[in-house]
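This report describes a structure at the level of domains, chain contacts, secondary structure and backbone geometry. Please have the sequence and the model at hand while reading.

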Amino acid sequence: MARELQEVYVIDGCRTAFGKARPNGAFANTRADDMVVKVIRTLLERNPEVPKDKIDDNIWAASTQWGDQGLTMGRTTAILSGLPVTTPGCSVDRMCAGGATSASFGASEIQVGAADLIVAGGVEHMGHHPMGEGADPNPRFMSEKLVDQSALNMGMTAENLHDMYPHITQSQCDEYSILSQRKAKKALDEGKFKDIIVPMTTWSGEGWKVSDKDEQPRPEATLEEMKGLRYPFRVKGRVTPGNSSGLNDGAAGVILASERAVKEYGLKPKMRLVQYAFAAVKPEVMGLGPVPATHKVLERAGMKFDDLSVIELNEAFAVQAIVFMEEFGMKLLDDPRLNPWGGAIAFGHPLASSGCRLMAQLAYFFGEHPEAKYGLATMCVGLGQGAAIIFENVQS
Amino acid sequence: MPEELVTQFKETYNDSPAGKICIVTMDNGEDYRKPNSFGLGGMASLNACMDRVEAEPDVKALILTGKPFIFGAGADLTMVPEVKTRELALEVAQTGHAAFKRIIDLPYPTVGAINGVALGGGLEIALACDYRTISPGAAAVGFPECFLGLIPGWGGTTLLPKLVGPEKALQIIIHNALNNNRMINGKKAFELGIADRLFEPVDFLDKTFEFTVGILQGTEKVERTEPDWSNLDALVEQARAVADSKVHGNSKAPYIAIDNIAAAKDNTIEEGFALEDEALATLIPSPPMQAGAYAFDLTQRRAKKPVGVPEGAPLPVRKVGILGAGLMGSQLAVLFLRRMKVPVVIKDIKQEFVDKGMGYVEQEINRQAEKGRIDKDSVPWLLNLVEPTLDYADMADCDFVIEAVLEEMPIKKKVYGELEEHVSETCILATNTSSLSVTEMASDLKHPERVVGFHFFNPVAAMPLLEIVKAEKTSDPALITAFDTGRKLGKRCVLCKDAPAFIVNRLLLRSMVETLKLVDEGNDFKEVDDALWAMGGPMPPFVLMALVGPAIALHTNETLADAFPDRYVVSENFKELVARKKSGVYGPDGQVDPEVREFWKQADPPKKIEAQEMRDRVSEALADECWRMLDDGVVGAPEEIDICMIFGAGYPFYMGGLTRYLDYAGYSEKVKGKKFHPDA
């Protein structure tokens with residue numbers, strides 16, 4: 001039988017609020033899998049035309065896959081969400097690009113005709129699972145000097161990036177970060193996130209609360225304040241908590257559908273997946289990852305950078321965003337195409353969830369900007385990878 | 001008094017599209033295994049919370065909910081023993097009402113979000129809200145008060161009938177409570193109109209929050225059926241009849257609750273609350289309620305952690321043998337299969353006996369699968385676990401063998417002796433004897449330390465009690481394993497010394513001997529039955545005799561008479577009843593069987609006595625026997641007697657099992673000059 005390739009559409013995306021990963025954080029007493037369940041149920045509730053019994057896979061990413069992020073979360077959360085018992089599920093991991101990977105893996109299942117409807121997402125409860133929790137790195141990494149010790153500490157890799165691009169100053173990074181905070185604040189105030197962030201009641205020492213806002217944004221931050229921050233990663237460094245994305249708890253997910261499913265069930269897609277690509281760089285400068293990934297995805301899609309109207313770049317660190325902007329000739333430091341509604345420096349970066357956060361933000365941005373034709377979601381990944389996905393706006 | 005585990009009321013204020021919504025959470029700081037309950041400390045916390053909430057500006061609505069999995073399990077019953085005066089009881093009543101009234105009087109919509117267990121005061125505080133949402137995860141919803149000897153007096157008898165009408169209110173407060181404290185679940189509560197919305201547990205509070213926003217924005221409309229009061233008189237009469245049949249006027253609680261429910265038709269909330277205050281002031285210090293709280297505590301705590309069991313790890317029970325495939329043996333096979341899912345070898349002396357037993361097992365397992373108690377698909381596997389045999393050799397690898405052969409010592413000793421040739425040295429040998437000496441049964445064995453009494457009650461599946469008998473040489477590991485096995489079989493286990501008829505049967509027989517004496521002396525069967533049933537047992541004594549089977553009762557009577565000839569004299573009339581193979585003294589029409597009336601020789605002239613004197617005679621006999629059992633160490637404490645009488649004989653909570661009743665009715669002191677519970 002002839003193989004028929006399918007187009008992939010994003011039907012919807014949403015996320016929980018992002019909490020701070022600490023004992024008094026909004027989600028400190030909430031299970032990671034319950035956050036996933038919230039996202040899945042919300043997506044399916046507000047897209048009732050998606051038949052629950054036709055979901056071919058429920059794919060969830062987490063960097064640490066045990067405890068409340070273990071036991072093949074894709075399957076457990078299918079059951080916990082009340083999806084039919086016939087819904088399969090799996091778990092994937094590409095650290096910070098976990099969500100981007102679950103979505104692209106799901107997309108490929110659709111493209112090759114193995115699936116028509118996919119729920120994909122990522123979660124990271126960094127309060128329950130600090131980065132690298134339980135990891136046992138092979139001693140060969142060190143004995144054979146395969147990587148520098150700094151490669152395992154994301155903040156140090158950002159300092160390394162500063163070494164590599166000495167002309168990028170801390171004050172540029174701080175300024176960039178304040179811009180990101182301001183853009184986020186403006187978008188939040190304008191209600192852009194009303195459908196992106198899903199309120200969830202969470203248990204806390206003070207009783208139940210509704211967690212409907214990210215805890216990290218600091219819209220009032222000033223350059224003066226930023227200068228006074230400590231350098232957690234290096235003496236006389238440049239990377240501070242103010243120009244980094246922070247440690248967070250959060251979950252984000254999307255519904256993907258084949259062209260066939262869109263037609264059959266009368267779905268209203270928000271964007272079409274054009275192409276995705278992963279690339280890798282030296283682990284010591286993992287923040288470079290989006291650069292080769294973006295080159296690769298553009299090349300494979302047969303597109304130029306200028307074809308992109310909007311770029312959702314996960315701001316793990318400000319320095320890494322500036323490197324990206326320089327590489328692609330964007331206007332420093334506030335190119336209107338980059339993160340128009342703010343980025344991870346404001347919202348936070350619960351590792352595996354961020355890929356789908358970018359996609360949800362892009363999907364709703366497209367909804368408000370029918371003139372924007374193509375958009376890119378890209379991010380750097382611990383241990384030196386980059387992910388990049390191009391979407392076409394189909395809401396016009 | 002144990003210190004109150006205070007349920008704290010804590011509030012958060014949350015933004016919503018409809019403005020600020022307050023969520024009040026009830027939380028005693030423990031996990032779901034210790035449900036929220038309300039004592040005076042909890043009410044103080046509620047009042048303090050209301051002070052803050054009332055002072056908070058711009059609140060648009062309030063949601064009241066519980067900690068994860070638990071809403072509220074009601075008033076803190078551990079305080080009941082301390083509430084011995086009318087004044088204190090009135091204070092408890094009024095404090096609760098005053099605090100709940102503050103919720104009722106809030107000037108904005110209030111929503112009780114019943115996320116889990118909601119019993120008694122827990123359900124009442126939800127009724128104090130304008131709206132209720134409920135989760136199907138709320139496994140137990142109800143008013144157990146009348147079961148305990150109390151009324152739902154923090155608004156239950158007032159607010160529930162006003163909400164759902166008298167029929168449903170009586171169903172929940174009277175009929176369910178008196179029907180072995182039956183609970184309803186969240187779904188049923190929604191169907192009865194107690195809650196306005198049913199939301200799945202998974203995002204129950206999220207949906208409740210959305211519902212509350214909807215109420216504020218006018219997008220949610222709550223439609224309720226007007227209560228129907230037209231049939232009140234008949235409903236009240238029906239409820240009173242049920243109360244009569246269950247508590248015989250001994251506990252005033254259900255009658256007061258019925259009156260309050262009826263009065264709720266015309267009462268204002270304040271008037272209803274005043275009635276409830278009065279009822280609680282009277283009831284809480286009353287002996288039946290004090291006994292009820294005691295009994296409740298026994299069943300919730302002490303009965304779950306048997307007293308007197310040595311410390312240590314149980315031996316594994318991986319395969320079970322049953323000697324005797326009669327009705328008892330077959331019932332035991334079903335129980336082991338259902339609860340422990342271990343291979344069971346069932347042996348008898350003739351193939352036809354074994355076949356009959358296997359037939360029963362198969363039929364019963366299938367029946368339970370039909371009822372949904374067993375997964376249907378697992379039935380063939382379960383049945384495949386049973387191995388019928390005529391040969392002891394098939395029991396060689398059993399870890400636990402229980403005998404249920406004829407109640408005759410030589411037979412018991414013979415099968416034990418034969419069995420010991422085949423099983424390992426550590427295999428536990430249990431006996432289901434109801435009256436024979438376990439010590440003697442073990443006496444000829446090479447390893448008598450492995451023998452333990454394991455006395456079930458009929459029907460085995462339904463009766464929760466298991467008397468575990470420590471014989472003279474029973475070892476600690478054998479005893480520990482027996483208790484562990486009993487627990488795995490889902491039974492409440494009580495430790496008992498090897499003594500004739502153990503605990504429950506010894507007491508029931510003492511009562512029966514006295515009962516028969518009353519008839520032999522010239523009193524009428526019916527009069528005796530009515531008089532004694534009114535004491536509070538689950539059924540009249542001659543009905544119980546028919547249920548047990550006169551022959552079995554006689555057999556136990558005779559065993560006891562051998563041991564205690566002066567107290568367990570066997571009635572000649574009773575022997576005749578059994579000799580004539582009568583199934584009881586009543587015929588199928590419920591009247592005394594004419595043949596029984598004919599042969600039963602009563603004193604001439606008859607010595608007729610009043611009903612109260614009959615009750616005195618039986619109660620004193622019971623008090624006497626309880627004291628003897630305690631003095632002889634047959635049972636460790638009065639609490640264990642009560643656990644046995646509640647779970648093995650169906651004695652009511654308001655009697656506190658048995659010994660609390662004997663105390664408060666004055667019999668303990670009359671017989672022995674002291675109370676079983678001098679500190680109560």
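The text below goes from domains and the chain contact to the sheet, a helix pair and some backbone details.

The model is predicted: local features need pLDDT of at least 70, side-chain atom pairs count only at pLDDT 80 or more, and totals for chains, interfaces and linings use all residues. Residues are numbered from 1 along each chain as its sequence is written, and chains are lettered from A and ligands numbered from 1 in the order in which they are written.

**Domains and chain contact**

Chain B has domain 1 (8-285), domain 2 (320-497) and domain 3 (504-633), with bounds from an automatic or database domain assignment. Between the C-alpha centres of domain 1 and domain 2 of chain B the distance is 46 Å.

In the contact between the chains, 16 residues of chain B meet 14 residues of chain A; two residues are in contact if their C-beta atoms, placed from the backbone, lie within 7 Å. On the chain B side, β1 (8-14), β2 (20-27) and α8 (204-217) each supply at least two residues. Helices (H or I, at least four residues) and strands (E, at least two) are DSSP runs, numbered from the N terminus. The most comes from β1(B), with four residues. This side of chain B holds five nonpolar, four polar and seven charged residues. Here Ala, Val, Leu, Ile, Met, Phe, Trp, Tyr, Cys and Pro count as nonpolar, Asp, Glu, Lys and Arg as charged, and the others, Gly among them, as polar.

**The sheet of chain B**

Six strands form an open sheet with mixed pairing, in the order β1-β2-β3-β5-β7-β9 of chain B; two strands pair if DSSP finds at least two bridges between them. Angles run from 0 to 180 degrees between N-to-C directions, and axes are lines fitted to C-alpha atoms, for helices over the stretch in contact. Helix α8(B) lies across β2, β3, β5, β7 and β9 of chain B, at about 155° to β3(B). Strands β5 (110-114) and β7 (131-134) of chain B run parallel and are joined by four bridges. B:Ala113 is opposite B:Thr133 in β7(B).

**A helix pair**

The axes of α19 (504-520) and α22 (550-563) of chain B come within 10 Å and cross at roughly 95°. The two helices, α19(B) and α22(B), are therefore roughly perpendicular, the term for 65 to 115 degrees. Their contact residues are five nonpolar, three polar and one charged.

**Backbone details**

Most residues other than glycine have a negative phi, and most peptide bonds are trans. The table lists departures from this.

| Site | Feature | Value |
|---|---|---|
| A:Leu332 and A:Leu333 | cis peptide bond | omega about -10° |
| B:Asp604 and B:Pro605 | cis peptide bond | omega about 0° |
| A:Asn339 | positive phi | about 40° |
| B:Asn180 | positive phi | about 55° |

A:Asn339 is in the loop between α10 and α11 of chain A and is buried, with 28 other C-beta atoms within 10 Å. B:Asn180, in the loop between α6 (166-178) and α7 (186-191) of chain B, is exposed, with 10 other C-beta atoms within 10 Å. A residue is buried if 20 or more other C-beta atoms lie within 10 Å of its own, exposed if 12 or fewer, and partly exposed in between, with C-beta atoms placed from the backbone.

Note on methods:
Angles under 35 degrees count as roughly parallel, over 145 as roughly antiparallel, 65 to 115 as roughly perpendicular and the rest as oblique.
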